[in-house]
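Take a look at how two chains meet. Follow the contact step by step, from its area down to single residues.

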Amino acid sequence: MSWKGTAVESTTIGTIIRGDREVFPPYLYAAYRASNRRSPNLPLIEVPLTLSELTGPGPAISEVTPEDADLTRNAGTGGEAIGQRIIVTGRVLDEHGRPVPNTLVEIWQANAAGRYLHRNDHWPAPLDPNFLGIGRCLTDEHGVYRFLSIRPGAYPWRNHPNAWRPSHIHFSLFGPSLASRLITQMYFPDDPLHALDPIMNAVPEPARSRLIATYAHDVTEPEWALGYRWDIVLRGPQATPFEEPEGEVR
Amino acid sequence: MSTARLTGAQTVGPFFHPALLREDARRNVLVQPETEGERIRIEGCVYDGDGVPVPDAMVEIWQANHYGRHRHPLDQRPLPLDPTFIGFGRCGTDDAGRYWFETIKPGPVSFDGERSQAPHICVLVFARGLLNHLVTRLYFADEPANAADPVLQRVPPERRETLIAQRAVVDGAVVYRFDIVLQGDGETVFFNI
């Protein structure tokens with residue numbers, strides 16, 4: 001079917017994968033305690049995708065500045081965050097492998113000590129006055145995003161005795177449609193905590209391994225920062241060029 | 001079509017607020033003074049399986065404008081766009097599990113060449129404990145078109161009311177109440193999209 005120019009008359013889109021349990025975690029995953037009382041008991045209801053889900057806010061949300069992508073300095077204090085500098089970059093792709101340009105990527109992470117700047121994070125690790133732990137950018141015309149940050153620390157949580165979350169960065173993406181909306185987490189390679197983490201392990205293999213970035217020496221910058229590469233593949237097709245239909249909106 | 005390469009979802013966790021609800025990322029108010037359409041306020045509470053309010057959820061909405069057109073390149077129907085309206089909202093729940101939006105009631109959206117969908121708003125729910133986000137829809141209690149809505153008809157009749165926001169007029173303002181029950185008695189209908 002054509003994705004350009006004409007109205008959507010069909011109500012079923014065969015190329016969009018829904019409810020794929022080989023890729024997405026179940027709602028109820030008993031080892032992740034918080035899922036026990038927050039997961040639906042009843043099965044999701046199958047409905048055709050309509051214009052409401054094949055459209056989405058992605059193309060219309062684009063208010064970012066270049067400083068937003070530098071987590072080592074975007075606290076605006078004039079100081080630099082403490083920790084091992086890292087560059088995290090990759091491509092955002094649709095399910096056909098085509099780049100998704102100009103789409104918003106929002107991230108958040110703990111500081112080098114494993115502490116979030118958040119009113120509900122109370123464990124006794126130091127805060128860093130020069131680190132907010134939040135960033136965002138738009139993908140470029142090749143679907144590439146890029147952040148400069150510091151490597152987040154692991155941190156304890158109360159899911160089970162001696163529970164620790166592996167180092168990770170949270171990612172939020174819109175992509176071309178409501179069906180492509182994704183919130184997920186990126187992990188770092190060679191972390192012994194992976195096997196012990198119920199959140200990561202809720203995703204079945206081989207999809208689980210795809211949550212782990214690879215060390216990329218070509219991304220590493222000499223005498224500056226270690227490089228990691230992580231591509232993200234969203235559901236659904238990249239339908240049309242991202243253009244505002246008309247005028248500026250705020 | 002191979003699904004092997006898709007990136008799986010992970011929970012939003014408990015610490016998303018500074019990133020996703022920073023002042024210019026939070027979007028409770030979708031309207032401007034010039035925005036066309038009936039002004040409505042949407043209010044609700046997110047509950048867990050014990051009936052306890054969820055204080056660390058995030059609700060996002062996506063909707064068509066007053067004429068039923070989406071601000072998106074795929075929606076090329078010959079209906080007016082409203083330059084003051086995007087149609088996207090994002091709100092965190094407060095300590096009592098409550099969220100709210102100020103928006104307009106959307107127009108009907110086409111379903112296929114022949115049928116229309118009743119006016120509705122797409123609703124996404126994120127929270128610690130939700131490994132995937134949840135997708136549902138808000139319909140309007142006073143809307144006759146609900147009876148023929150092709151998506152609502154896929155829902156067992158006894159569960160449809162979980163998708164119907166109840167209308168009230170409070171201090172002269174139109175308020176639609178839409179509670180979201182994640183689990184258990186009165187569990188909201190969630191869709192596989």
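Predicted model: local features only at pLDDT ≥ 70, side-chain atom pairs only at ≥ 80, totals over all residues.

Now count residues. Chain A brings 101 residues to the contact, and chain B brings 80.

Next come the polar links. Between chain B and chain A there are 37 residue pairs in polar contact, with both residues at pLDDT 80 or more. The salt bridges between the two chains number nine. One salt bridge joins the side chains of B:Asp56 and A:Arg38, at 2.9 Å from N to O.

Which elements give two or more residues to the side of chain B that touches chain A? Among them are helix 1 (17-20), strand 2 (57-62), strand 7 (120-127) and strand 8 (134-140) of chain B. Strand 7 of chain B gives the largest share, five residues. Sorted by class, this side of chain B holds 39 nonpolar, 22 polar and 19 charged residues.

Finally, look at the strands. Strand 12 of chain B (191-192) also belongs to the elements that touch chain A. This strand pairs with strand 1 of chain A, residues 45-46. The pairing is parallel and runs over two bridges. Find A:Ile45: its bridge partner in strand 12 of chain B is B:Phe191.

Notes:
Residues numbered from 1 in each chain as written. Chains lettered and ligands numbered in written order. Heavy atoms only, no water. Contact = heavy atoms within 4.5 Å. Salt bridge = Lys/Arg side-chain N within 4 Å of Asp/Glu carboxyl O. Polar contact = N/O pair within 3.5 Å; in protein donor to acceptor, adjacent residues only side chain to side chain. Helix = DSSP H or I, 4+ residues; strand = E, 2+ residues; numbered from the N terminus. Nonpolar A, V, L, I, M, F, W, Y, C, P; charged D, E, K, R; others polar. Pairing = 2+ DSSP bridges.
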